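Please have the sequence and the model open while reading.

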Amino acid sequence: MADNKAILKAGDAEIELPILSGVAGNDVIDIRTLGSSGYFTYDPGFMATGSCESSITFIDGAKGVLLHRGYSIEELARDADYLEVCYMLLHDKTPNSEEYKAFKDTITRHTLVHDQVNNFFRGFRRDAHPMAMLCGTVGAMSSFYHDDLDITDPEQRLRSAYRLVAKMPTLVAMCYKYNIGQPFVYPRNDLTYAENFLNMMFSVPAEDYKITPAVSKAVDRIFTLHADHEQNASTSTVRLAGSSGANPYACIAAGVASLWGPAHGGANEACLTMLQEIGSVDRIPEFIARAKDKADPFRLMGFGHRVYKNFDPRATVMRESCHEVLSELNIDDPLLNVAMELEKIALSDPYFAEKKLFPNVDFYSGIILKAIGIPTNMFTCIFALARTVGWVSHWHEMLSQPGQKIGRPRQLYTGEAKRPYNKIDK
Ligand code: CMC
């Protein structure tokens, strides 16, 4: 490596590749010209691959740093609210108070979904997983906003982004109401973003939902802490789908699908399911032993992270909110006792310390959501609601970059070499 160049020896060839530096984080070897030398790189799971250039979010996993547009997540979770964070993710600057009010007003006035959307829900089984319904209905939004949409126009891209941020809570609450057989509750413009969501989830025609400030604050914080997370699986999925010029609502539906899995956004649901399986504090050692057993595929859900190898800064803030909500609501739920005891035991166990496995944000957000009465199968939908702004910010950024290309990775082929085809008798 010399003069910001990497020299790669491949067979007899010596290939010189430029090294690029960002504002922070690892330098990257620019391999864009490598293909012409007859080689590709191989990195399943993108363990060491930067897939794009971005100015939205920075993570230093070793130091537990998460910055949105340069602002630390701890400060944002403490002093900003979710809509402010949405504004800065989309606009690359913090809003002044006029801009904040105008943005809040725009989002508030776009929360209604087209009445035809109600009909989509009728097509689902009552017991369909809410993520299945969310995936379908977010994708279906593309049928309402497609023909007149010009994704090369930044103004129109932002309009799509506002619609998505505004309508996701409505769609998520509809998924819940449909599951439990209650009528859909329309959005209310006199409530904050988090309050409106809680109201659409828990109000019924016969009785209004009573807002508890500690609960709406915790929900706003859950949204803030999940707003964006750099090039994670679902965001990369949205970018890849969007790189072909696809409709933004369809791209966000792809993000919802990618988020669903238990190794990503499904972790808080999987965590609660695991707590139910553990059932009581005395069974925790048995599950800790299983988590350590190489022959057992069981993992402690809500523990560990691909990027954060010392602590998850979001978990630190979420833990605070978790304890606040539990004491405010004065809840005595045996499952929550199991969670708190599991946290204690795992944090003091040398196996978890050595492998740098600690509770991640989803461990605590799952406990909060459970405490406020949100059923486990809705957890990932709430993550999707919050992450929508991150997805659409990345989509918007990608399409604004000059020379944007369709994402098209290569492969290491391990199938049969060319062979003759023998016709069969039909
Ligand atoms: N319980 C027990 N052992 C674990 C766990 C766990 N939760 N996570 C990792 N390990 C062990 C794993 O067995 C491996 O051991 P060894 O070195 O002996 O083979 C070692 O730790 C490294 O694991 P890995 O799978 O190579 O690590 P990764 O970086 O590929 O995986 C992860 C990260 C999040 C997928 C994983 O920790 C996991 O499956 N955690 C549980 C699911 C979870 O909570 N996911 C939510 C992440 S936060 C939300 C988000 O940002 O999407």
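A polar side-chain atom of N360 is placed 2.9 Å from an oxygen atom of the ligand. A polar contact is here a pair of N or O atoms within 3.5 Å; within protein, one must be able to donate a hydrogen and the other to accept it, and residues adjacent in sequence count only if both atoms are side-chain atoms. The ligand on its own exposes 940 Å², of which the protein buries 76%; areas follow the Shrake-Rupley method with a 1.4 Å probe.

The model is predicted: local features need pLDDT of at least 70 and side-chain atom pairs pLDDT 80 or more, while totals for chains, interfaces and linings use all residues. Residues are numbered from 1 along each chain as its sequence is written, and side-chain values use heavy atoms, with hydrogens and water left out.

| Residue | Distance to a ligand oxygen atom |
|---|---|
| K294 | 2.4 Å |
| R299 | 2.8 Å |
| N360 | 2.9 Å |

Around the ligand there are 21 residues, and those that come nearest are H264, K294, R299, L300 and K355. A residue counts as near if one of its heavy atoms lies within 4 Å. By class, this shell holds eight nonpolar, six polar and seven charged residues.

Elsewhere, three strands make an open antiparallel sheet in the order β4-β5-β6. Strands are DSSP runs (E, at least two residues) numbered from the N terminus, and two of them pair if DSSP finds at least two bridges between them. β4 (57–60) and β6 (71–72) are the edge strands, each pairing on one side only. β5 (residues 65–68) joins β6 over two antiparallel bridges, and H68 has Y71 in β6 as its bridge partner.

Notes. Nonpolar A, V, L, I, M, F, W, Y, C, P; charged D, E, K, R; others polar. Helix = DSSP H or I, 4+ residues; strand = E, 2+ residues; numbered from the N terminus.
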